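Biologist: I would like to learn how to read strands, a sheet and an interface. Could we take one example together?

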There are 2 protein chains.
Amino acid sequence: MIETDVFAAGRQHFSVECPSRLLFDQIADKWSMMVLTVLDPGPMRFNGIKRQLEGVTQKALTDCLRRLERNGLVSRRVIPVSPIGVEYEITPLGRTLQVPFKALYRWTLEALPQVEAARAAFDARREEAVR
Amino acid sequence: MIETDVFAAGRQHFSVECPSRLLFDQIADKWSMMVLTVLDPGPMRFNGIKRQLEGVTQKALTDCLRRLERNGLVSRRVIPVSPIGVEYEITPLGRTLQVPFKALYRWTLEALPQVEAARAAFDARREEAVR
DNA sequence: CCGTATCCGATCCGATACTG
DNA sequence: CAGTATCGGATCGGATACGG
């Protein structure tokens, strides 16, 4: 039984090279999910994206876009104007990722209150343990 | 319009404190997804989990379980035997997370071939550019 | 068995400066 | 406008040792 069947019945064994990790590492970073969301309505230029993502640095965004491009989730198109323009667009493959991403995003919104309550309870228990 | 509506129509603005990131950071780490999967069939003890996760260190697993516990996604129960035993179990809240996680996991499996092709193409383009 | 503590190298990320 | 280059702090994760 290989890891593809991991969600079938039975207890599974995960190796470090679990196939899910090969991709999960690349998209579970700080900005990827938001970049894809920003690009959802249509193509956008570098600084346009940057303006939507408050707090992102140029380096972080460049790295993120480069990684998304390498993985085939966004495409990059140079517009030969002066000064130069670069437009990023979500690919069909990137759009397929949005489906599970949106599900996860909705989960975070729905679960947040419960998680915050759990955190408060946990931290309170730790406080208690110190005394 | 706040970020809750981010998947509705229109271009959105993301601040650093996007509510999704408050949680996403915590669960998008190296082992959380696999830990929840391993715990899916039922409760398990520390070293039992560790044995399923080939390559995880004690520290990494402890940190991961602690974080999952703090966020209310798993529960921890000390079994007063000698030597001591500790059992981890997925919580009802944790189970709700499995739904989007499984969707994402399936996506990684389905998309992997296309992503690998995209990577190869990207890397080939870079090679080309060097020459 | 189940941790915690410590060190330590790798890596991420932001800040800054510079370029076509 | 859209990068690249570089530096340094913070954080992550592995290895190891030790304790209840």
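Biologist: Which residue stands opposite M44(B) in β3(B)?

Modeller: Y88(B) stands opposite M44(B). Some ground rules: this is a predicted model, where local features need pLDDT of at least 70, side-chain atom pairs count only at pLDDT 80 or more, and totals for chains, interfaces and linings use all residues. Residues are numbered from 1 along each chain as its sequence is written, chains are lettered from A and ligands numbered from 1 in the order in which they are written, and side-chain values use heavy atoms, leaving out hydrogens and water.

Biologist: How many bridges join β1(B) to β3(B)?

Modeller: Strands are DSSP runs of E, at least two residues; helices are runs of H or I, at least four; both are numbered from the N terminus. Two strands pair if DSSP finds at least two bridges between them. Here 2 bridges join β1 (residues 44–45) to β3 (residues 85–90) of chain B, and the strands run antiparallel. β2(B), residues 74–79, pairs with β3(B) over 6 bridges, also in the antiparallel sense. R77(B) has E87(B) as its bridge partner in β3(B).

Biologist: In what order do the strands of the open sheet lie?

Modeller: The 3 strands of chain B run β1-β3-β2. β1(B) and β2(B) stand at the edges with a single partner strand each, so one side of each has no neighbour in the sheet.

Biologist: Which strands does α2(B) touch?

Modeller: Contact means heavy atoms within 4.5 Å. Axes are lines fitted to C-alpha atoms, for helices over the stretch in contact; angles run from 0 to 180 degrees between N-to-C directions. α2(B) packs on the sheet and touches β1, β2 and β3 of chain B, at about 95° to β3(B). α4(B) lies across β2 and β3 of chain B, at about 115° to β2(B).

Biologist: What area do chain B and chain A bury between them?

Modeller: The size of an interface is often given as the accessible area lost when the parts come together. Here it is about 6,400 Å² (1.4 Å probe, summed over both parts). Carbon and sulfur atoms carry 68% of it. The contact takes 65 residues from chain B and 66 residues from chain A.

Biologist: How many salt bridges cross the interface of chain B and chain A?

Modeller: The rule asks for a side-chain nitrogen of Lys or Arg within 4 Å of a carboxyl oxygen of Asp or Glu. It finds 4 across this interface. One of them joins R70(B) and D123(A), at 2.9 Å, N to O.

Note on methods: Buried area = accessible area lost by both parts, 1.4 Å probe.
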